[in-house]
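Let's walk through this structure together, from one chain to the contacts between chains and then to a few single residues.

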Amino acid sequence: MINESKAMKWISNLVLGIFSAACLIPFALLIIASFSSEESIVRQGYTFFPEAFSLKAYEYLWQHQLELGRAYGITILITTVGTAVSLAITSMLAYPLSRRDMPLNRFWTFIVFFTMLFNGGLVPTYLVYTQLFDIKNTLFGLLLPGLLMNGFNILLVRTFFLTSIPPALIDAASIDGAGEIKIFYRIILPLSMPIMATIGLFQAIAYWNDWFNGLIYITDTRMFGIQTILTKMVMDIQFLTSNSNAAGVNAGAAIAELPSTSVRMAIAAIGVLPILVAYPFFQKYFVKGITIGAVK
Amino acid sequence: MKQLSLKRSGKKLKYAPLYLLMIPGIAYLLINNYLPMLGIFIAFKNINFTKGIFGSEWIGFQNFKYLFQTSDAYIITRNTILYNAVFIVLGTICAIAFAILLNEIKKKVLSRFYQSVIVLPHLISFVVVGYLAYAGLSLETGFMNKTVLPLLGIDPISWYTEPKYWPFILTIIHLWKSIGFSCIIFLASIISIDTEYYEAATLDGASKWAQIRSITIPLITPVIVMLTLLGIGRIFYSDFGLFYQVPMNAGFISDTTSVIDTYVYKGLMVSGDMGMASAAGVYQSIVGFILVLGANLLVRRFSKDNALF
């Protein structure tokens, strides 16, 4: 029996160790490539032991600190504002839905739930946002479509309110003369920090990583966030290399002017850096958050 | 009578603040989710922007007819369903296996380390994943072609022009990115299993494997069913980032990498064929909806508790 559980422990460590390595190594490769000299990437390919290290890529980033700084600023701004607004409106909608005594409670819950089952699709959504609200090339284009709030988060918060806040507490506060809104801000929200931290993390990561809104709603380079820059760099290279036969020499020259491989890797590196640095600190909340999500 | 109506309006007023709280959220759902649902009729119109959406003429099922006449419709439907089916099956099996193994590790520090590291890929945007994949697969400079394949004595492979490799590449990348997250979900429900079951089983001389088969798996079945159900409900949708960023939009491999979502995107943003794009979108939404309802109905029939609704 003891042998069996020892064997199990060995297998567990082996499998999880290999998979953990597979999760970490690509990031190592990315960061090493950003510190490699361009010539050594061309000669050796991406490798863990480049012939020559170089800070050229980061010098390039430093020279372009204005554009990159602005992109970084936009990403930070959108992440902060988006997360804050999202937390506010999600909790404000979820709380009334958790009050079983509220009239039409079931109807509104269904309205929220239905958005998880059915949607209009990309084309009508795009048309609503561009034709009706004209958010193309504005910060709203990065903030609003799709990301701000979703049915799943609302139901998650509602379940938390339902299961962790005793109705007697609300009654007691109500008898003491607190209005509904006061009850919400003074009693419900302070008791809901675990779920707020969870949803906040989910949202912050979603905003930080979003490249899709940038891809379809933003064409003005001054509005680019970090992820949009990364996306467009891939597309430019794709465009130039696929058209290089037709365009001949000009395309070759254009490719030469593109940011080098190590520069692209450096921008990708600074794009993931905040997550890699901050993650150990919020890891505890994140794992707890997934756990809350698992309980139906 | 009068008093009753007074009481009623009093009750309504009591809940007015709650409704006030709901306004911003409902307004957002209206704009972001419900208004686009009306837009489904775009699929039945010949969109002409000079006339506007409302002024454009109705053409019935013409867009759908064009869509299903092309070979695209078959390819994107096949790819979308097959990829998702493989993702659901392999993803679930691997995540459960990892969760069981992770539960065997009793050292707190080690367990925390594994948990943090395997979730990491889930936190990274697909653009960056696309860059990582490129670092591995690029023809001239990729890690595979420059380091791994020479070690094995295999000639370099032009990954981005060979469709046959992509089902494997995309599956591996999907698993790499998603296993950690679903593993933690399963781990959470495994941890909540009462340890007395295992103690009793151990006393009875049940082997580890027997314990896993007859205690762990049955007790986490509700979570397995729920996640699979969600997966089946979304079998007509794919992770756009995976199919757009990772293959880098390369044309040669589109036979094995294009899915409904990338088709709709291309119709809207690249070729400007809005009619076909919205027809494909409607096809996706409606079949997706039917699949969610169907999957739920099926589960409901076997065990009511496990159904989503």
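What share of the 296 residues of chain A count as buried? The share is 49%, where buried means under 20% relative accessible area, exposed means over 50%, and partly exposed lies in between (1.4 Å probe, protein chains only).

Before going further, a word on the ground rules. This is a predicted model, in which local features need pLDDT of at least 70 and side-chain atom pairs count only at pLDDT 80 or more, while totals for chains, interfaces and linings use all residues. Residues are numbered from 1 along each chain as its sequence is written, chains are lettered from A and ligands numbered from 1 in the order in which they are written, and side-chain values use heavy atoms, with hydrogens and water left out.

Chain A has 16 helices and zero strands; these are DSSP runs numbered from the N terminus, with helices being H or I of at least four residues and strands E of at least two. Among the contacts in chain A with a separation of 6 or more, 72% join residues 24 or more positions apart, a contact being heavy atoms within 4.5 Å.

One helix of chain A is α4 (residues 65-98), and A:Thr79 sits in it. A:Thr79 counts as buried because its relative accessibility is 10%. A polar atom of its side chain lies 2.7 Å from the backbone oxygen of A:Thr75. Beyond its neighbours within four places in sequence, A:Thr79 is in contact with A:Ala204, A:Tyr207 and A:Trp208.

Now to the two chains together. On the chain B side, 95 residues are in contact with 97 residues of chain A. Chain B and chain A bury about 9,000 Å² between them, with 77% of it on carbon and sulfur atoms; buried area is the accessible area (1.4 Å probe) that two parts lose on being put together, summed over both. Helix α1 (residues 2-38) of chain B gives the largest share of the side that touches chain A, 20 residues. By class, that side has 70 nonpolar, 18 polar and seven charged residues.

Finally, the cysteines. Over all chains, a search of the whole structure finds zero disulfides, a disulfide being a pair of cysteine sulfur atoms within 2.5 Å.

Technical notes
Nonpolar A, V, L, I, M, F, W, Y, C, P; charged D, E, K, R; others polar. Polar contact = N/O pair within 3.5 Å; in protein donor to acceptor, adjacent residues only side chain to side chain.
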